[in-house]
Amino acid sequence: AGLTITSAQRAPAAQELYFVGAHPATFAYERGDAGLRKERSMNTDLALKYVSGAWRAQAALFANRVRDYIYGYFDGTTTDLLDEDGNVEETLSNLQFTQADARLRGGEVEFAWQPREGLQARLWGDTVRAQLTSGSQAGEWLPRIAPSRLGLDLGWRHARWAAQLAVTRVLPQRRVSPFDLRDGQSEQPTAGYTRVDAQAVWRLADWPVTLTLQGRNLTNEDMRVHTSYLKNLAPPAGRSLLVGVRAAL
């Protein structure tokens, strides 16, 4: 068992301070704030761990209080991008960087059976809550916070080959920010989904060659990642298969 209490500071990033312009990765017009101050946080972590042979179990809880937490939000305004003739080529929502006090709380848990060979299993989960605690938006949820997750990993390991099946259940995220206004609409909830991935690895005898077969999103789920700025425009890829060969010389 362990209890850790830490105090930390983080200086604003250059982008948070000075960037002004269109950002293709977020499909937004970002605006920094040169007046941002350092973040100051007080962090408390309580951890429990148990190990016995191939068995492993651990759980952790955390509570972080951050003064002047820096985050970006869509303020409801837009910026027109003009072409060389002065015509409106595109209109982007403005993403403004700002800061306020915040509280982040959460936890994670894991139970695992992991011998060197044979059947392996891992059951895990994590969750986080993040709210503002000062300013006009005190009590509101921060935008784009990861939803809770549960996962089950099953595997088999032998001398030259291994296989794994991973099932991850991402729960719906309904704790959304009413002040994060993009395209005239506040942040919207995202539905939960179940992702299934698999992998098999085989090392050839007497050859420094490894063959890999991966299957991603095998159930072809329509997944909307709540932390993504582009979740409504560009969800993760559907079902895909990858074959790989690696040789060591």
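This passage covers the pockets, the salt bridges and a nonpolar surface patch of a predicted model.

Because the model is predicted, local features need pLDDT of at least 70 and side-chain atom pairs count only at pLDDT 80 or more, while totals for chains, interfaces and linings use all residues. Residues are numbered from 1 along each chain as its sequence is written, and side-chain values use heavy atoms, without hydrogens or water.

The largest pocket holds about 360 Å³ of space. A pocket is an open set of points on a 1 Å grid over the protein atoms alone, where a 1.4 Å probe fits, with protein on both sides within 12 Å along at least five of seven lines; lining residues have an atom within 4 Å of a point. Volume is the space filled by probe spheres set on the points, which are joined across faces, edges and corners. The lining has 21 residues, and Arg182, Asp183, Tyr229, Lys231 and Asn232 lie nearest the centre. Strands β6 (88-113) and β11 (185-186) each give two or more residues. Strands are DSSP runs of E, at least two residues long, numbered from the N terminus. β6 gives the most, with 3 residues.

The second largest pocket holds about 240 Å³. Of its 16 lining residues, Gln120, Gly155, Arg157, Ala163 and Gln164 are the closest to its centre. β8 gives the most to this lining, with 5 residues.

The structure holds 10 salt bridges (a side-chain nitrogen of Lys or Arg within 4 Å of a carboxyl oxygen of Asp or Glu). Asp68 and Arg37 meet at 2.9 Å, N to O. This pair spans 31 residues, from strand β5 to the loop between β3 and β4. Asp68 is buried at 11% relative accessibility, whereas Arg37 is partly exposed at 46%. Buried means under 20% relative accessible area, exposed over 50%, and partly exposed in between (1.4 Å probe, protein chains only). Asp180 and Arg144 meet at 3.0 Å, N to O. They lie 36 residues apart, in two loops. Asp180 is buried at 3%, and Arg144 is buried at 12%. Shared partners join Arg56, Glu110, Arg122 and Asp153 into one salt-bridge network.

Val109, Phe111, Leu123, Leu152, Leu154 and Leu165 form a nonpolar surface patch of about 480 Å² accessible area together. Nonpolar patches join Val, Leu, Ile, Met, Phe, Trp or Tyr side chains within 5 Å, from residues with over 30% relative accessible area and no salt bridge. Areas come from the Shrake-Rupley method with a 1.4 Å probe; for residues, only the protein chains shown count as cover. Leu123, in strand β7, is partly exposed at 47%.

Terms used. Patch = residues over 30% accessible without salt bridge, like charges linked within 9 Å, V, L, I, M, F, W, Y side chains within 5 Å. Helix = DSSP H or I, 4+ residues; strand = E, 2+ residues; numbered from the N terminus.
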